[in-house]
Amino acid sequence: MESKSAKTVHQSVARQIAELIESGNLKKGDKLPAERTLAERFKVSRSSIREAIKSLAQKNLVESRRGDGTYILADMDADIFDAFITAFSDQKKRINDIFQFRKVIEPEIAALAASSMDEETLNRMKVIVCDQQIKARTGKNSSNLDAQLHLEIARATGNSIFPEMMQALDRIMTESRSEILQPPARQKASIAAHFKILEAFENRDPAMAREAMRQHIAEVEEAATGHDSKE
């Protein structure tokens, strides 16, 4: 199975379940295995399985029945399957577009923030990253703190448009950010990158902040899409 860092995890799982329906291995009325079984089979977390099932349910391919399980609602003909795969392809392009946008905008936001950073804001950011580190060490997802830090950086520029833009972006990225940061190794790498950004802020060094943020976004993009932006 393809590495879970290569694509958004739940999309990959949903697509594979859809392929089982399309091939006839799963038929209308069949009950899907339990979440734990599916998680072990696809080597992903149970939350990824829940998100995959949710996306299939939104397309009326499965139905989750409280206290009973998840059932296949319909057989899938070739046309439906093609439309389903196209929807995922569109979503993948959207994610690629978002990262292209982030790579252009966020390094400059970081540079501006470094130029206007005050001690109170810097200390607040340090608390966020330390809290993120504590969450990661206890096995908890820290994606909400990741989003909070990037919003604080945008606010630190003093430009009111940047925070609004980051909040709008976060609403789009919430689901994938959670999936991307789920593996412990990914959380650890993200936290290390955040400390580098904080070091640049502490030095009030715009060039250092710009480069640290550029590297951070590139690493997150590779985790989300499997595409090395240096290639």
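Helix α8 (residues 184-202) has 19 residues, which at 1.5 Å a residue should span 27 Å, and its end C-alpha atoms lie 27 Å apart, in agreement; the expected span is 1.5 Å times one less than the number of residues. This is a predicted model, in which local features need pLDDT of at least 70 and side-chain atom pairs count only at pLDDT 80 or more, while totals for chains, interfaces and linings use all residues. Residues are numbered from 1 along each chain as its sequence is written, and side-chain values use heavy atoms, with hydrogens and water left out.

Helices are DSSP runs of H or I with at least four residues, and strands are runs of E with at least two.

| Residue | Location | Phi |
|---|---|---|
| G67 | hairpin of β1 and β2 | near 75° |
| R204 | just after α8 | about 55° |

Strand β1 (residues 62-65) pairs with β2 in the antiparallel sense over four bridges, where pairing requires at least two DSSP bridges. Within this pair, S64 stands opposite T70.

Both S64 and T70 also line the largest pocket, whose volume is about 210 Å³. A pocket is an open set of points on a 1 Å grid with protein on both sides within 12 Å along at least five of seven lines, and lining residues have an atom within 4 Å of a point. Helix α3 (46-58) and β2 (69-72) each supply at least two lining residues, and α3 gives the most, with three.

Notes: 1 Å grid on protein atoms, 1.4 Å probe; cavity = no way out; pocket = protein on both sides within 12 Å on 5 of 7 lines; lining within 4 Å. Points joined across faces, edges and corners; volume = space filled by probe spheres on them.
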